[in-house]
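This report describes selected local features of one protein chain. The sequence and the model are shown below.

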Amino acid sequence: MEPGGGSRDARPAVTPVAAVLPAGGSGERLGGATPKQFCAVQGRPLVSYTVRAMERISWISDIIVVVSPENIGTMKSIIEKYGHRRVTIVKGGITRHRSIFNGLKIFVENEFSNCLLQKPEVVIIHDAVRPFVEEDILSKVVMAAKEHGAAGAIRPLVSTVIASAANGCLDHSLERARYRASEMPQAFLFDTIYEAYQQCTDYDLDYGTECLHLALKYCKTNAKLVEGTPDLWKVTYKRDLYAAESIIKDNLSQEVCVIANVEEAVAQVGFLLRESLKSQIKVEAISIPLSKNDSNPQDIFSGQCYNFICIHDKKYAIQESQQLVGMLEESNIPLLYPVVLILMHLDISENISFSIGMEELTSIKKFAREVKKKNILVYGLLIQHKDHLLLQETVNSAAALIMALIKDRNPDLVGQLLVA
């Protein structure tokens with residue numbers, strides 16, 4: 001399952017459904033020169049995660065991303081680089097509401113598109129900086145919108161809301177239990193929200209922020225409020241970027257694939273390693289020769305695993321590692337998320353010193369630098385198999401290092417050789 005895939009409920013019984021993602025903000029509260037929707041999280045722009053959350057849902061036919069004129073080229077590059085589909089870019093307005101209105105116009109006004117898209121029955125409006133939206137909540141607001149004309153996700157208020165008087169003193173406070181925070185996604189019958197925007201005053205378009213209010217004010221449509229999930233929060237401040245990265249790392253750290261051949265020493269270590277890891281992470285084991293001729297890459301890389309351990313007892317196994325990287329590329333797994341590849345060298349020599357020399361270390365670093373460009377993070381791990389009595393303890397130490405590498409996904413450590 002893709003990170004953050006969540007549960008999949010029945011699809012809404014409407015066709016088609018479109019999504020409009022306003023992404024024209026300047027990111028003033030975030031600070032810095034880059035708007036927050038284009039800030040990198042695990043090397044990938046935040047807006048790409050939100051687009052991916054929409055495009056993996058088959059019943060969303062069109063995804064409209066509304067960006068400021070100066071960022072249209074940037075957005076086009078993101079779509080091309082990450083292979084996004086069903087996406088149309090629209091030039092935004094000077095405010096949030098004007099941008100959303102432009103996104104809706106592409107379905108009905110020729111001046112906004114050379115070829116009109118099919119007008120949807122229901123349109124989803126969702127912030128481009130809320131990347132963790134799931135199909136379950138999208139389906140709920142869409143079905144509620146079909147019945148009520150409009151619907152939106154809500155969450156309980158965390159803090160009490162107060163109003164200040166003109167002199168800066170407390171005027172009154174609201175009873176927190178009676179109020180809710182309006183969140184995204186929201187959904188509307190297309191004709192309802194488009195009519196509301198057509199009737200909007202300039203004041204509404206320039207100073208308003210709540211789409212549900214427009215539907216109520218201009219179309220007398222009372223929105224159905226749908227209880228949302230905690231992961232609907234919006235990236236607003238720099239600390240939110242760190243939180244988003246932490247969530248993505250955690251989602252990527254749910255499964256590991258251990259690849260080992262059937263040679264006795266390697267197979268033994270592979271078994272012990274799986275036993276040590278399985279209390280911390282889901283483990284998929286593959287005991288085959290690493291060769292394209294011997295196995296179909298689709299059989300090896302089934303599912304959505306983003307962490308791989310290749311165990312070998314050869315002095316120099318870069319060639320086998322290159323084959324593994326080739327298979328990863330064919331699977332497109334590293335396209336959207338960084339993949340961790342740990343090359344675990346089993347030292348079975350009788351020498352007291354390590355069997356890997358400077359030449360091999362240099363080769364590992366060079367190889368790691370090359371594949372880092374392909375979004376694959378390569379780390380080396382040396383485990384000594386000299387004392388059978390201490391082997392379990394050594395494997396446990398290796399498992400702890402592996403979990404740290406998987407969870408941290410530190411690009412600055414690629415090419416390093418760690419010793420268990």
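## A side-chain contact at Gln 42

In this predicted model, the side chains of Gln 42 and Glu 245 are joined by a polar contact of 3.3 Å. Gln 42 lies in the loop between strand 2 (40-41) and strand 3 (44-45). Gln 42 counts as buried because its relative accessibility is 12%, under the cut-off of 20%.

## Backbone geometry

Most residues other than glycine have a negative phi, and most peptide bonds are trans. The peptide bond from Met 184 to Pro 185, however, is cis, with omega near 10 degrees. Pro 185 belongs to strand 10 (residues 180-189).

Asn 375 is located in the loop between helix 12 and strand 16, and Arg 409 in the loop between helix 13 (391-408) and strand 17 (417-419). With a relative accessible area of 25%, Asn 375 is partly exposed, whereas Arg 409 is buried, at 1%.

Lys 373 is classed as exposed because its relative accessible area is 74%, over the cut-off of 50%.

Conventions. Residues numbered from 1 in each chain as written. Predicted model: local features only at pLDDT ≥ 70, side-chain atom pairs only at ≥ 80, totals over all residues. Heavy atoms only, no water. Buried < 20%, exposed > 50% of the residue type's maximum accessible area, 1.4 Å probe, protein only. Helix = DSSP H or I, 4+ residues; strand = E, 2+ residues; numbered from the N terminus. Polar contact = N/O pair within 3.5 Å; in protein donor to acceptor, adjacent residues only side chain to side chain.
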